[in-house]
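Colleague: I am new to this structure and would like to be walked through it. Could you show it to me?

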Amino acid sequence: MSNVINIRKLSAMSELKKILHAEDDPDIREIAKMSLEMVGGFEILQCHDGAEAVDSAEGFAPDMFLMDVMMPGMDGRESVAKLRENAAFANTPVVFVTAKASNLDVEKLKSDFNADVITKPFDPISLPDQLRSIWKGAAT
Amino acid sequence: MSRLFGFSIISIGGLSGFGYLIFAMTGSDWALAASLNVPQMLQASVFFLLAGLLLIAYRRGLETVRLREKIIEGQELELAFREQALDKHAMVVTTDPKGQILSVNRNFTEVLAYRPAEIEGKPLRSLLHKEQDAPIEDSLRRARAGDIWNGDVKVMNRKGAACIFHTTAIPMHDAFGRHLKTIYLATDMTEQRRSEREKQLTRCLELLPEDVLIFDAKTLRLSYMNGAAVKRHGWSEATYRRRKLTDILDNMTEADLVARTGALSHETETTTRFEACSGGIPMNATVQIIEAEDRRDSCIVVLRDISEQKMAEESRKSFVSMMTHELRTPLTSIKGAVQLLTAGTLGKLEPGVLSMLGIAEKNCERLLRLVNDILDLNKLEAGKMDMTIERIDTRDLVSEAILNDREYAAGLGVDFHYEAPELPMLVDGDRGRLLQVLANLLSNAAKYSDEGATVEIGVSAVDHNICISVADSGPGIPEEAHATLFDSFTQSDLPAQGKINSTGLGLTIVRAILEIHDGTVHFDTKLGEGTTFYVMLPMAGEDELGGRSERRQAA
């Protein structure tokens with residue numbers, strides 16, 4: 001556990017490298033993968049749903065979570081709530097990706113989970129830059 | 001007596017004549033008898049007899065006349081008595097056959113607070129109240145024509161207030177059947193009808209499916225619960241009279257409620273509405289102030305079960321959010337894939353391929369805008385648009401909208417010209433939604449302008465409104481399009497630049513957003529010269545918001 005925290009601390013001082021991405025739609029996963037790996041040059045782990053994300057989080061020890069909100073089974077909210085319970089991820093930046101239903105929902109996501117929100121459809125070209133600036137904002 | 005007198009004269013005359021005759025004839029003194037002159041004596045007797053008889057006849061006649069007089073006298077007395085009784089009991093009005101008032105009794109003038117001179121000679125119709133419970137004109141006309149009629153009539157008193165008279169109209173005819181006059185007998189039923197009505201209203205209140213309660217505005221103590229409310233809580237009158245409104249509504253403190261009812265007054269705000277729970281059931285509460293008999297303010301609250309409405313709302317919300325998700329997910333993939341290709345992530349592409357990808361991306365954008373617009377409109381029409389109301393200076397709002405749209409307009413070769421007024425132009429509204437209104441109008445104006453044209457934007461105060469105008473020098477809107485301009489999916493056939501950017505919902509959304517801001521939109525247009533759209537928004541009040549922002553769902 002302390003190992004994970006150390007990694008997080010180290011990476012906070014350096015750069016955003018590892019992103020855990022949870023998304024149930026395979027096409028969007030594919031596009032995000034291309035965007036994050038090829039355009040952004042990140043190391044990523046992709047999960048099919050929230051439960052998988054929660055299970056693999058400790059092993060992967062990401063610098064940031066990129067979570068779809070609506071997923072079958074454990075959705076984005078639930079899995080982030082679960083992740084936040086873990087001291088290792090209590091402060092890890094979380095970015096929700098949502099097909100926004102309303103401004104109120106977006107505001108609620110932000111305040112409930114101390115998270116950022118990117119709305120669908122996201123631009124795969126600018127997504128890496130967006131995530132980097134969010135990460136910088138969270139690190140300072 | 002007179003008969004006795006008559007008989008006595010007959011007896012005296014008759015007997016004395018006859019006596020003399022007998023006396024003389026029986027011979028005691030024939031000479032005397034002869035000297036007495038018998039025929040004379042007989043004559044005298046007959047005279048007396050006749051005189052007696054005449055006297056009797058006269059006396060009897062006199063007696064009959066007197067008796068008859070007495071009977072008539074009695075009848076007259078009775079009639080007068082009856083009339084007096086009727087006068088005391090009822091209101092009496094007589095009219096001529098045309099309905100002109102001939103006379104009224106005291107009762108009538110007293111009840112209506114008129115002087116007889118004020119109404120005699122006037123048509124009866126002029127005293128009738130405009131609103132009758134049942135049509136009476138025909139009936140009254142029939143009564144004038146000769147039928148007896150009775151029913152309720154609303155009559156105006158001198159102050160113009162309505163009195164309800166139960167009236168019987170009796171036409172009077174002469175021996176030849178000619179209509180001489182009509183007598184109206186009326187009883188004042190105002191109070192009785194009112195109490196009947198009140199009873200009926202109370203019955204209605206009892207039977208209403210909504211919970212109706214009356215409580216004291218200050219102490220919140222309950223004084224009445226209708227049938228539905230009693231049934232829900234299972235309290236008797238004695239029980240509920242010991243309870244307060246706080247015992248009915250979950251999670252509402254006395255201070256909360258007194259603050260709400262305290263804000264009510266007879267002059268300004270008589271009603272307040274809020275959502276509350278009663279016994280765990282979501283309710284819509286409408287509280288209205290009423291003046292109780294003892295002059296203490298009471299409030300009546302109507303609680304309507306809105307659990308079904310809430311459920312429908314929930315299912316609509318989840319449908320909208322599902323649609324959003326289902327439509328946006330594939331669009332995200334398509335657009336993302338195209339963007340990645342266009343950016344050359346998978347290698348450099350031929351110009352022809354790039355141009356095709358450009359078309360694909362542009363249409364993705366278009367579809368997305370349509371999805372967004374439909375969702376917006378859905379929310380606006382269902383009154384469920386999320387709104388953050390804040391005080392906004394429209395001068396800044398317009399500047400921001402122009403800044404957002406300038407690039408788009410420049411792409412069409414159109415420029416925006418705007419000079420902000422010196423004074424603040426404040427409105428209370430949702431910044432995002434009002435920007436959406438302006439963005440729609442500005443992009444429309446740019447679209448319908450020729451290359452090189454300038455769109456003029458202005459802000460001004462008109463009465464109690466802030467007016468934002470957007471004037472283009474485009475082709476104008478043909479008359480046949482005026483009526484449907486703000487309807488969904490009605491686009492002018494006029495050629496517009498970059499028409500691909502419109503969804504046909506823009507102006508519909510503009511109007512809907514303004515409506516929830518209590519604002520309006522209208523336009524002036526001249527074919528070949530251009531169109532000016534005017535947005536009117538109510539000027540912000542002095543103190544209501546004062547900078548603090550308020551979040552609400554548009555009702």
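Modeller: The following chat goes through some features of this model.

Modeller: This is a predicted model, in which local features need pLDDT of at least 70 and side-chain atom pairs count only at pLDDT 80 or more, while totals for chains, interfaces and linings use all residues. Residues are numbered from 1 along each chain as its sequence is written, and chains are lettered from A and ligands numbered from 1 in the order in which they are written.

Colleague: Which residues of helix 4 of chain A are buried?

Modeller: In helix 4 (residues 76–85) of chain A, the buried residues are Gly76(A), Ser79(A), Val80(A) and Leu83(A). Buried means that 20 or more other C-beta atoms, placed from the backbone, lie within 10 Å of the residue's own. Helices here are DSSP runs of H or I with at least four residues, and strands are runs of E with at least two, numbered from the N terminus.

Colleague: Why are they on the same side of the helix?

Modeller: They cover an arc of only 100 degrees around the axis, which puts them on the same side of helix 4 of chain A. The arc is taken from the directions from the helix axis to the C-beta atoms.

Colleague: What do the buried residues of helix 4 of chain A pack against?

Modeller: Their partners in chain A are strand 1 (18–22), helix 3 (50–60), strand 3 (64–68), strand 4 (94–98) and helix 5 (103–113). Contact means C-beta atoms, placed from the backbone, within 7 Å.

Colleague: Turning to chain B, how many helices and strands does it have?

Modeller: Chain B has 16 helices and 18 strands. Of its 555 residues, 23% count as buried.

Colleague: And how many residues of chain B are in contact with chain A?

Modeller: On the chain B side there are 19, in contact with 20 residues of chain A. Helix 11 (residues 307–342) of chain B gives the most to that side, with 14 residues.

Colleague: In what order do the strands of the open sheet in chain B come?

Modeller: The 5 strands follow the order 12-14-15-17-16, with mixed pairing; two strands pair if DSSP finds at least two bridges between them. Strand 12 (415–418) and strand 16 (520–526) of chain B are the edge strands, each pairing on one side only. Strand 14 (residues 454–462) and strand 15 (residues 465–471) of chain B run antiparallel and are joined by 7 bridges.

Colleague: Last topic: which residues have the most contacts inside the largest nonpolar core?

Modeller: They are Phe65(A), Met67(A) and Val95(A), in a core of 38 residues. Such a core is a set of buried Ala, Val, Leu, Ile, Met, Phe, Trp, Tyr and Cys residues joined through C-beta atoms within 7 Å.

Note on methods:
A residue is buried if 20 or more other C-beta atoms lie within 10 Å of its own, exposed if 12 or fewer, and partly exposed in between; C-beta atoms are placed from the backbone. Two residues are in contact if their C-beta atoms, placed from the backbone, lie within 7 Å.
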